[in-house]
Amino acid sequence: INLQSFYPEWAETSYSLIKLMIYALTAVIVFPYLPGSSSPAFQGISIFVGVLVSLGSTTAVSNVIAGVVLTYTRAFAVGDQVEVGGSRGRIVERSTFVTRIQTLKNVIVSIPNSIVLNNNVINYSKNMGQSGLLVHTTITIGYDVPWQTVNELLIEAALKTEGILETPSPFVLQTSLDDNYVSYELNGWTRKPEELPRIYSALHANILDEFHGHQVEITSPAFRAIRAADASTIPPVKQSQQPQAGQEPPD
């Protein structure tokens with residue numbers, strides 16, 4: 001059955017919610033017909049159990065509600081590469097209470113759904129589109145190196161990196177003209193978000209090889225002005241000419 005604007009990942013959660021509502025409605029209907037349900041003792045025990053559950057399940061209920069909200073907001077799905085609360089890796093399980101992430105070091109991290117809901121979720125797999133994910137890194141080079149040379153070396157390093165696509169082609173942005181150097185940002189496309197650490201490592205290694213192979217230093221130079229210590233840098237005070245009473249202001 002295909003329903004418009006109803007996503008497949010909603011099916012299991014919607015089924016569980018409907019089943020829970022049917023169980024709750026059934027319990028409400030059956031309760032008055034239970035033997036002794038109208039006795040004070042039975043009612044007192046019911047109230048006591050209800051108070052214990054309400055006081056002891058605050059965190060659990062918040063995790064369940066957060067899990068439902070995360071499902072219907074479609075923040076991520078099982079298999080996506082995400083970063084949540086400082087943990088980055090692949091979603092391996094999304095249960096009622098927790099979300100489990102397999103990190104880049106092959107460690108399973110269980111994060112309560114309430115914490116996931118209250119943190120920013122960076123999804124590297126959600127919006128791949130036709131081009132993929134944009135990989136970018138920044139270097140700073142002095143003004144003595146022509147920007148055309150820097151652009152050519154950066155693009156050549158990107159094309160030699162396994163995992164970065166040739167089409168769309170990589171590109172370079174001159175992001176700022178600082179006092180002592182120029183900031184260059186290299187951008188390239190990839191369709192392998194699960195290999196981002198390896199791609200970045202290979203990209204940085206290729207940048208070093210390209211610049212060193214063409215005798216271009218990757219430096220961020222700084223310059224200082226040195227002045228004589230015996231000369232004062234305090235400017236002379238300029239006397240303001242205010243007209244006195246009864247005098248004409250100076251021309």
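## Helices α1 and α3

Helices α1 and α3 are oblique to each other, because angles under 35 degrees count as roughly parallel, over 145 as roughly antiparallel, 65 to 115 as roughly perpendicular and the rest as oblique. Helix α1 spans residues 10-30 and helix α3 residues 58-73; the two pack at an angle of about 140°, and their axes are 9 Å apart. Axes here are lines fitted to C-alpha atoms, for helices over the stretch in contact, and angles run from 0 to 180 degrees between N-to-C directions. Helices (H or I, at least four residues) and strands (E, at least two) are DSSP runs, numbered from the N terminus.

The crossing of α1 past α3 is left-handed, a term used if the near helix is turned anticlockwise from the far one by less than a right angle, clockwise being right-handed. On the α1 side, the contact (heavy atoms within 4.5 Å) is made by Trp10, Thr13, Ser14 and Leu17, and on the α3 side by Val68, Thr71 and Tyr72. These contact residues comprise 4 nonpolar, 3 polar and no charged. In this division Ala, Val, Leu, Ile, Met, Phe, Trp, Tyr, Cys and Pro count as nonpolar, Asp, Glu, Lys and Arg as charged, and the others, Gly among them, as polar.

## Basis of the model

The structure is a predicted model, in which local features need pLDDT of at least 70 and side-chain atom pairs count only at pLDDT 80 or more, while totals for chains, interfaces and linings use all residues. Residues are numbered from 1 along each chain as its sequence is written, and side-chain values use heavy atoms, with hydrogens and water left out.

## The five-stranded sheet

An open sheet of 5 strands has the order β4-β3-β2-β1-β5, with antiparallel pairing; two strands pair if DSSP finds at least two bridges between them. Its edge strands, β4 (108-112) and β5 (121-123), each pair on one side only. On average, neighbouring strands of this sheet are turned by 40° against each other, direction ignored.

Within this sheet, 5 bridges link strand β2 (residues 87-94) to strand β3 (residues 98-103) in the antiparallel sense. Gly89 has Thr103 in β3 as its bridge partner.

Strand β7 is joined to the antiparallel strand β8 (residues 181-190) by 6 bridges, and Leu173 stands opposite Glu185 in β8.

## Backbone features outside the helices and strands

The loop between α5 and β7 contains Pro168. The peptide bond from Thr167 to Pro168 is cis, with omega near -5°.

Asn106, in the loop between β3 and β4, has a positive phi of about 65° although it is not a glycine. Asn106 is exposed, with a relative accessible area of 57%; buried means under 20%, exposed over 50% and partly exposed in between (1.4 Å probe, protein chains only). Gln215, in the segment after α6, is a residue other than glycine with a positive phi, near 60°. Gln215 is exposed, its relative accessible area being 71%.
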